[in-house]
Amino acid sequence: MEIFAALSTVLTDPILLGWVFLAAIVGMVVGAIPGLTASAAIAMLLPLTFYMEPLPALAFLYVIGKSGRYGGSIAAILFNTPGTAASAATQIDGYPLARRGMASKAMKVATVSSVIGDFIGEILLIVGVAWIASIALRLGPPELFAVYFAAFVVIGSVIGKSITRGLASAALGVLVNMIGLDPISSTERFTFGSFDLSNGISLVPLMIGVFVLGEVFAQIEERGKPSEMMETDVSDVGRNRLTWAEYRPCMPHVIRSSFIGAFIGMLPGLGSAIAAFVAYGEGKRRAQNPEAWGKGALEGIAAPEAANNAVSGPSMAPLLTLGIPGSTIGAILIGVFLIHGIQIGPTLFLTNGELVYALFACGLIGIVMYGIIGFYGAAFVGRFITRIPTQVLYPVIFLTAFVAAYTSRGNLFDIYIMIAAGFLGWGMRKLEFNPAAFVISFVLAGGAEETFRQSLLLSDNGIAIFVTRPVALLFLLLGLAALFVRARSLNRQARAAALQEA
């Protein structure tokens, strides 16, 4: 099989292994810093990959995404402050254990569960992605546009607390993507007479602004408020030793949650936070002692962590087969593929199959690396985080963002784009719009416009082509069904909240 050949190739390349090892450490540390996500770190480090070979560049950022998802559990357990949104579910049972002096045991459960979930997700990706790509090769422009449409609707309606704000965020991403020259007629769109805007908005400064500067501005706003971070005791070796007898009851939850996370990961826009909370809720429902959940149950850590990390591999499936990112990390990886001249989509496995399977092999090795480092060193990483003053950390991040935005194209105008995107990202957070939906839609908009125009050129009946072709109609209906289900869910939640208040 291709994956075994790829593993042997990667294991004999010390430089590539070095990048994977560095990524495992960087992702874990970044994920453990409250407020700084793996997406922000990848956006900042993206310009570094311009000077690397394609495989090391992709592997470096891919593994950062994996270990960053796991790293969020460190802050959640130690400081009661989730390093990532998905780690909020881990925090529910992790922090009570830390308060009882069993922080290391909680982190070991999180590490083992994350590794198992990530492995299951990665194996499912390796086994199924080529089959998905073979089906995608049979889709024409109308079907592909219908897939894009469904992705827009799902991403806009599911991410965040409000359907209206989510769809508005997605629509804004489409509008910003349209800035520049029309790809067919070359007429200017939304440039307002600016020559710099005629080249369009570059992905790198936009992402750095939204994810990095937006977060820095938010942290500046929060600087006067008291911090909840407090170091807990991890020195009691006896109480923090994890035995098989203790972990064995977690295994059914880990296996079930891994498949929940893998399924959710394949759906564009849902992400690891939803997977973690769905797995936590399902685990508590099936638990033999549900009353212990929320008070320091090891199973309450294992279930969300397995689901959270199982998202990582399957979220790459829509990206590699259709060019549709399933997450913000996937949207950033699109930039790496394009920078190195690699066209993503169903033909990727025909033109660069060896590269794809080598990337999967790097992912498997990265899981092992962050698992070993986390099992024995998560407590050290937590103590390291507490010793970094925020008044030093965020200015360094701020300056790094400026350097990264400028070096992407050597264009001063990109700095202005980054600053504007930073204020936009900060404003979207404050108004509860969704930066992730905005960026993913920005990435998708180009492909959606291309397939829409190609469909109209093929059609004798205008937009009716999308309802006369069964597969296209199916995807359109799936998108609308997702919108309807989400609306009903929010409506039920609003009614339940009203009844509680009454």
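**A buried charge network in a predicted helical chain**

At 0% relative accessibility, Lys66 counts as buried in this predicted model, since the cut-off for burial lies under 20% relative accessible area. Lys66 forms a salt bridge with Asp118, in which the closest N and O atoms are 2.6 Å apart. This pair links distant parts of the chain, with Lys66 placed in helix 4 (residues 54-79) and Asp118 in helix 6 (residues 103-136), at a separation of 52 residues. Asp118, like Lys66, is buried.

A salt bridge is also found between Lys66 and Glu122, whose closest N and O atoms are 2.8 Å apart. Here again distant parts of the chain are linked, because Lys66 belongs to helix 4 and Glu122 to helix 6, 56 residues apart. Glu122 has a relative accessibility of 0% and therefore counts as buried. Side chains of opposite charge can pair when their charged atoms come close.

Elsewhere in the chain, Glu449 forms a salt bridge with Arg453, with 3.6 Å between the closest N and O atoms. Glu449 and Arg453 are separated by about one helical turn, because they stand four residues apart in helix 20 (residues 435-458). With a relative accessibility of 17%, Glu449 counts as buried, whereas Arg453, at 26%, counts as partly exposed. As for Lys66, Asp118 and Glu122, salt bridges that share partners join these residues into one network. A search of the whole structure finds eight salt bridges, among them the pairs Lys66 with Asp118, Lys66 with Glu122 and Glu449 with Arg453.

With regard to the overall architecture, the secondary structure of the chain comes to 22 helices and two strands. The chain is as compact as a globular protein of its length, because its radius of gyration of 22 Å is close to the 23 Å that the globule rule gives for 502 residues. The C-alpha trace spans about 75 × 60 × 45 Å along its principal axes. Of the 502 residues in the chain, 56% are buried, and residues 24 or more positions apart account for 79% of the contacts with a separation of 6 or more.

The chain exposes about 21500 Å², of which carbon and sulfur atoms supply 66%.

Backbone geometry was considered last. Most residues other than glycine have a negative phi. Phe190, however, is a residue other than glycine with a positive phi, near 55 degrees, and is located in the loop between strand 2 (188-189) and helix 9 (203-221). The relative accessible area of Phe190 is 41%, so that this residue is partly exposed. A positive phi, near 65 degrees, is likewise found at Glu432, which lies in the loop between helix 19 (412-430) and helix 20. Glu432 counts as partly exposed because its relative accessibility is 47%.

Notes: Residues are numbered from 1 along each chain as its sequence is written. This is a predicted model: local features need pLDDT of at least 70, side-chain atom pairs count only at pLDDT 80 or more; totals for chains, interfaces and linings use all residues. Side-chain values use heavy atoms; hydrogens and water are left out. The radius of gyration is taken over C-alpha atoms; the globule rule is 2.2 Å times the number of residues to the power 0.38. Buried means under 20% relative accessible area, exposed over 50%, partly exposed in between (1.4 Å probe, protein chains only). Contact means heavy atoms within 4.5 Å. Accessible areas come from the Shrake-Rupley method with a 1.4 Å probe; for residues, only the protein chains shown count as cover. A salt bridge is a side-chain nitrogen of Lys or Arg within 4 Å of a carboxyl oxygen of Asp or Glu.
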